[in-house]
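Subject: Structure for you to look through

Hello,

Here is the structure I said I would pass on. Please open it first, and then read the notes below with it on screen.

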Amino acid sequence: MIKRIIGCLTLGVTLLSCTVAPQKSSDTRSPYDTPEWFDNDTLRATYLYTEGVRVVAESGVDSTALPYFRKVLEIDSLHAPSHHQISVIEVLKDPQSALAHSQVAHRVDTTNIDYLGQLAYAQTLNGQYKTALHNYTKLMRLDSRNPYNYRLAAALYAQTNMPFMAISVLDSAEYKLGFVPELWNDKRELMIRHKLYDRAISETLSRVANTPYDTGNYRVLADLYARTGNDSLAMVNFQKATELAPNDVGTLLAASRYYLSVGNERKYLATIQTIFGLDNVGLDTKLALYDSVIEDIDFYRRNFYSINTLNMVLRLKHPGEYEVADRYATHLIRAGELDKALVVYKEEAARPSAPVEAYTQVVGIEDYLGRRDSVMHYLDVAIGKFPTNGQLHLYRAYELQRSGESEKVVVGAYKKYLKIATTAEDKSSACASLGDYYFAQNKPNKSFKWYAKALDHNPDNALALNNWAYFISELAGPTPTLSAAQTHELERALEMSRRACELSTSNATYLDTQAWILHLLGRNDEAKVVMKQAISLNSQEDDTLLEHYADILAATGEDFMAEIYYKRSIKAGGNQQRIEAKIEALKAK
C-alpha cells in the first residue's frame, strides 16, 4: 500500500475544512482537477497528492491514485512524494519507470530513508546490484533496526558471488537485532549451500538449546546430520521433531523422505501411514503420496502388505471417495483378487454419485471373466445414468456385435453412438467399425459404403484406409489374371494403403497390406521390399505376414526361402493343411 505523508494529509484536511466552495449541478470538471479557488501551485499539488492518498485508503487499490500523482507532477515536476509513490506502485509492473521516479525522489530529498530504500529496491529489480548494495549498506547504518535492509544486502552479496560477506551481514544483524527467524533461515540456507555444515550444526544446536520445543530446529538439525552422513543423530532428531509435532505435515514429510533415502522402508511407510491418518491433510496430498509410494514395482512387491495397510487407512479416513476405492481395487487386482476388486467397484457403482469410471471398471472385469450378461447389464445401467457418454455406447455396440446379435440390433447400436459422437475422429472410427462388421457379414457393398463415410468424416483415418484397401484385395483374390476392373480397384486400394502407411509409419500390418496388393498386381520385386520391412517389424511372429512373405518369395522364384517362411508360418499358428499344400507345390516345380 502507499506510504502516507501525514503532514500533507493534515494540511489537505485543514484546507478543506476551512473553505467552502459552492458546486454547480452542471459541473463537468475531471475528478483529478483542483478546486477553482486554489490559485497557488503548491496548494494544488498538495490537494491532489492528498486526494490520491485518500482514494487509496478508501478503495484499497494503489493504482487508483496514479492519475492524481501524475497530475501533481504536471504542476510540480520535482514533487518528491509523488515520484516516490509512483515508484512504489509501478516497481513490479514497470521496474524501469519506477527506477526513474525513485531517482528523482531521492535526488530531491537525500535525507529521506524511505526514498533511499525504494531506490535500492528499484535498482535491485533492474539488475543494478552494485549500486543497490551500496545503498543498502547506507541503509544498514541509517536504519539499523530494520531487518529488511540486512536481508536484502545479504541477498545481493550472495547474488554477486560473495557468500561469506552475505553471512557476515546476517551475523551483524543477529548481533544488533537478536534472533530474527527470516534472517536465521537465510543464513542457514547460505551455510548449507556452501557446505559450512559444522558451523550450521553448531548454530542450530544453540537454537535448540534456546528454544527446546521448536520442532523446526530439530528438523533442521536432522537434515544437517543427514547431509554429513551422521545417520544415527539424524534419526534421533527426526524422531524428536515428530514427537514434538505429531500432526505437522512438513515434519512428517521431511522425515519420510529421509527414511526412504537411507533405505529404512519400514519407518518410511509407517510415517506415510501417520500422514494418511491426519485430518489436516487433504485427500489430494495423500493420493499423490500413495502414487509415489507404489511407483517403483520392486518396492511395491517388497512392501505389499504394508501398502495394503495404507489402503485400509485411506478407506477408513475417506469413505465414499471413488479415487480411494479405485486405488484399493487396483491393489487387489495386482494381488490376484479379481473378484474382491469387482465387489469394490460394484459397491462404488451402486452409489448415487458414482462416476462413469466405476461402471467401466465393472464392465471391464466382467468382460475379462467372460460374463456377457453382466457386461450388458452394467452397460445398460451406465448408459441410463450417462446417456451422452460415447464410450459406453461404443462398448455396447461392440458387445452386441461380438455376441452375435442381429444386424438390425448391432447397426442400431452403432448408429446411436454416431448420434452422440462429438468429434469427426469418433464418427469416423464408428463408421469404420461398421465397415469391418459388414465385410465380416460378407456384404462388401455395404462395407465399402461405411468406409467411404468414415473417410468423409476423417480422410486421415489410417485404420479405415488400410482395412478398406485390404478387403478390396481379398475380393480380387490371388487370381492368375486380373480383369481391367480388378486392376483398377487394386490400384485404388494401393493408393489407400500407401496413405495409411504414411499416416502410421512402422506399422507391420499396414505394410503387409501394401505388399500384398503389389503382389496381386504382379509387382513382386516391390512387394518383396515392402514385405521385408513388415517382417522386420513383426515382433509377434504373425502367421499371416509370414505366409504372405513366403507367397511373394515363391512368386520371385526363391523357393528355398519361401519354404522356410511357410514352415515359420505353420509354427506361428497358420493353417497347416493349406500351407503344406503350398510347400508341396513348390517341390513339384
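**Aromatic rings**

Phe471 has a relative accessibility of 16%, so this residue counts as buried. Please keep in mind that the model is predicted.

Phe439 is also a buried residue, because its relative accessible area is 17% and the cut-off for buried is under 20%.

There are 16 aromatic pairs in the structure. One of them joins Phe304 and Tyr305: the ring centres are 5.7 Å apart and the planes stand at 85°, so this pair is edge-to-face. How exposed are the two partners? Phe304 counts as buried, because its relative accessibility is 19%. Tyr305 counts as exposed, because its relative accessibility is 69%.

The rings of Phe439 and Phe471 are arranged in another way: their centres are 3.8 Å apart and their planes are at 10°, so the pair is stacked. Phe439 belongs to helix 25 (residues 424–440) and Phe471 to helix 27 (residues 462–476), so this pair ties together parts that are 32 residues apart in sequence. Both rings belong to one aromatic cluster, which is formed by Phe439, Phe448, Tyr451, Trp468, Tyr470 and Phe471.

**Charges over rings**

Two places to look at have a charged side chain over an aromatic ring. Arg207 lies over the face of Phe179, 3.6 Å from the ring centre. The charged end of Lys267 sits over the ring of Tyr259, at 5.2 Å from the centre of that ring.

**The cavity**

Rolling a probe the size of a water molecule over the atoms shows where empty space is left. How many cavities of 30 Å³ or more does a search of the whole structure find? The search finds 1. The volume of the largest cavity is about 60 Å³. Its lining is made up of Leu170, Ala173, Glu174, Gly178, Phe179, Val180, Leu183, Trp184 and Lys187. Two elements give two or more residues to this lining, namely helix 9 (163–177) and helix 10 (181–193). By type, the lining residues divide into 6 nonpolar, 1 polar and 2 charged. Phe179, one of the lining residues, is also the ring that has Arg207 over its face.

**Backbone angles**

Most residues other than glycine have a negative phi. Two residues to check against that are Lys195 and Glu541, where phi is positive.

- Lys195 has a phi near 60°. This lysine is in the loop between helix 10 and helix 11 (197–210). Lys195 is exposed, because its relative accessible area is 59% and the cut-off for exposed is over 50%.
- Glu541 has a phi near 55°. This glutamate is in the loop between helix 30 (524–537) and helix 31 (543–555). With a relative accessible area of 32%, Glu541 is partly exposed.

**Cysteines**

A disulfide is a covalent bond between the sulfur atoms of two cysteines.

Regards

How values were computed. Residues are numbered from 1 along each chain as its sequence is written. This is a predicted model: local features need pLDDT of at least 70, side-chain atom pairs count only at pLDDT 80 or more; totals for chains, interfaces and linings use all residues. Side-chain values use heavy atoms; hydrogens and water are left out. Rings of Phe, Tyr and Trp (its six-membered ring) pair if their centres lie within 6.5 Å; planes under 30 degrees apart count as stacked, over 60 as edge-to-face and the rest as tilted. Buried means under 20% relative accessible area, exposed over 50%, partly exposed in between (1.4 Å probe, protein chains only). Helices (H or I, at least four residues) and strands (E, at least two) are DSSP runs, numbered from the N terminus. A charge sits over a ring if NZ of Lys or CZ of Arg is within 6 Å of the ring centre and within 35 degrees of the ring normal. On a 1 Å grid over the protein atoms alone, a cavity is a set of points where a 1.4 Å probe fits but cannot get out, and a pocket is an open set with protein on both sides within 12 Å along at least five of seven lines; lining residues have an atom within 4 Å of a point. Grid points are joined across faces, edges and corners, and a volume is the space filled by probe spheres set on the points. Ala, Val, Leu, Ile, Met, Phe, Trp, Tyr, Cys and Pro count as nonpolar, Asp, Glu, Lys and Arg as charged, and the others, Gly among them, as polar.
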